[in-house]
Amino acid sequence: MRGIWERYRREEKGAVRKDRGGKLFVVLAFPDRYKVGMANLGLHLVYRLLNEQPDVVCERTFLPDPGEEEELRRTGRPLTTVESETPVYEADILAFSIPWEVNYLGVLRLLELSKIPLLPEERSEWHPVVIAGGFAVTMNPLPILPFLDFFCPGFAEGVVKGLTSWYNQVGDRGRRLSSPERKQRTTLRDKAIGAWFVEPGNRSHHRRNGRSKEWSNGGRRPPSLSWLPARTEVLTPYSEFGETFLLEIGRSCPWRCKFCATPSVYGRPLFASLDQILRSIDTAPFPVRRVGLVSPAPTDHPEIVDICKALLERGLKFTLASLRADSSTAELMRLIAEGGQRTITLAPEVGTLRLAEAIGKRGAFERVWDAVAYAEEAGIRAVRLYFMVGLPTETEEDVEAIGRMLKEMSRRHPRVKFTASVSAFVPKP
Ligand code: SF4
């Protein structure tokens, strides 16, 4: 089988190939390039949850690489799936996994390349039902809503398992939706599938035409990670993280930094247990050599030290995503260095204590010096620091203080190479 995905398909381990006969055919689409999408755990999670169901076949697609995209546009050939090079428009459901709002334009490009009309009212029974889920869609669905038939706010686990019965109901025994049926759904409430997992007392509002729509989970708690946590299901050297086995050790975050959407979107933090983590590695459909422990705040996992020790005992290399300075200890830093991590990332965010207090991140700001010292003692020689500018109440003095802080860090730790990343604060609705 040849096609635009052949190069990637050849190198993949763990991809699922199922016979489509009589099953619900879902194309899982990531609105960015293959290497970005394959580094996204949400995509892997939904891929597994769908393919675990005997009556569902799920295949993936992505935005093709620039040369191939140009070729598709020139020849008029439609975008296809990675697994079988089937045209995306043949799906019963086209499900987008959208982590960031910046991917919304990618959704439109992917629809266009798949020969699927952009607007629901222009789609007929011949076109897939177009749905979307993911962090961006949960946090801020309005910009993409006019292009979707439905959207799935909240955790994938709350929706994916019941997708076949939902599809059979909404399309009346599996029939695809007609144009008038799609057209009549216009509001958030009409288009939402499944429960909206928001902590009681932490309601999420969406405004449209000046009117406020309020959503809550009706008292339901978010699901626990009692099943296997999200992990790499298909290993490929072409992912942004290469052949690192990504493993979700926690979802959401116990901290409440005022600028951060994570705790508001996901509610209370959930942690995978050490047993679940080891089981996820043991049952992976390929040998695991290097593990990327993923969580918004991995150092706050109650068993993080035991997890690192267990991975070292198994002879595995591992890395942790961005570390929270005030929960990074000297022991943890030693374990991280032993696990093979050469660069750590810390996020003091700002250069002054006043602004750190204003954004609710005082502890992480004050303890960043200790964390860098622990890292240096452990033999880590590269530290990446994240900062933000444009925060409410920020003054010129606050911004200049970032430069002074970096100079002082370099002076105190001449053996460490510092890299600063400064991004603009983006207010969220
Ligand atoms: S620690 Fe990080 S993930 Fe947690 S609330 Fe603060 S910024 Fe967000």
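Analyst: A cavity is a set of points, on a 1 Å grid over the protein atoms alone, where a 1.4 Å probe fits but cannot get out. The structure discussed here is a predicted model, in which local features need pLDDT of at least 70 and side-chain atom pairs count only at pLDDT 80 or more, whereas totals for chains, interfaces and linings use all residues. Residues are numbered from 1 along each chain as its sequence is written, and side-chain values use heavy atoms, with hydrogens and water left out.

User: Which residues line the largest cavity?

Analyst: Lining residues have an atom within 4 Å of a point. For the largest cavity, they include Met 38, His 44, Thr 232, Phe 241 and Leu 246. Val 234, Leu 235, Thr 236 and Ser 239 are also among them.

User: How many salt bridges are there, and what does Glu 85 pair with?

Analyst: Side chains of opposite charge can pair when their charged atoms come close. In a salt bridge, a side-chain nitrogen of Lys or Arg lies within 4 Å of a carboxyl oxygen of Asp or Glu. The structure holds 31 salt bridges. In one of them Glu 85 is paired with Arg 9, with 2.9 Å between the closest N and O atoms. Glu 85 is in the loop between α4 (66-75) and β3 (93-97), while Arg 9 is in helix α1 (residues 6-11), so the pair ties together parts that are 76 residues apart in sequence. Helices (H or I, at least four residues) and strands (E, at least two) are DSSP runs, numbered from the N terminus.

User: Are Glu 85 and Arg 9 buried or exposed?

Analyst: Both Glu 85 and Arg 9 are buried. Buried means under 20% relative accessible area, exposed over 50%, and partly exposed in between (1.4 Å probe, protein chains only). A second pair, Glu 71 and Arg 74, forms a salt bridge at 2.9 Å, N to O. These two residues both lie in helix α4, 3 residues apart, about one turn of the helix. Glu 71 is partly exposed at 32% relative accessibility, whereas Arg 74 is exposed at 62%. Glu 357 and Arg 362 also meet in a salt bridge, at 2.3 Å, N to O. Glu 357 is partly exposed at 39%, and Arg 362 is partly exposed at 38%. Finally, a network of salt bridges links Arg 33, Glu 69, Arg 73, Arg 109 and Glu 112.

User: Why is helix α5 described as largely enclosed?

Analyst: Helix α5 (residues 104-113) has 7 of its 10 residues buried, so it is largely enclosed by the rest of the structure. Among the buried residues are Tyr 104, Val 107, Leu 110 and Leu 113. The buried residues of α5 pack against elements including β1 (24-33), β2 (56-63) and α6 (135-139), contact meaning heavy atoms within 4.5 Å. After α5 comes Lys 115, whose phi is positive, near 65 degrees.

User: In what order do the strands of the sheet containing β14 stand?

Analyst: Two strands pair if DSSP finds at least two bridges between them. Here 3 strands form an open sheet in the order β13-β14-β15, with parallel pairing. β13 (343-349) and β15 (417-424) stand at the edges with a single partner strand each, so one side of each is left without a neighbour in the sheet. The twist from one strand to the next averages 25 degrees. Angles run from 0 to 180 degrees between N-to-C directions, and axes are lines fitted to C-alpha atoms, for helices over the stretch in contact. β13 and β14 are joined by 5 bridges, and Ile 344 stands opposite Val 383 in β14. β14 (residues 382-389) pairs with β15 over 8 bridges, and Phe 387 stands opposite Val 422 in β15. Helix α17 (residues 368-377) lies across β13, β14 and β15, at about 170 degrees to β13.

Key:
1 Å grid on protein atoms, 1.4 Å probe; cavity = no way out; pocket = protein on both sides within 12 Å on 5 of 7 lines; lining within 4 Å.
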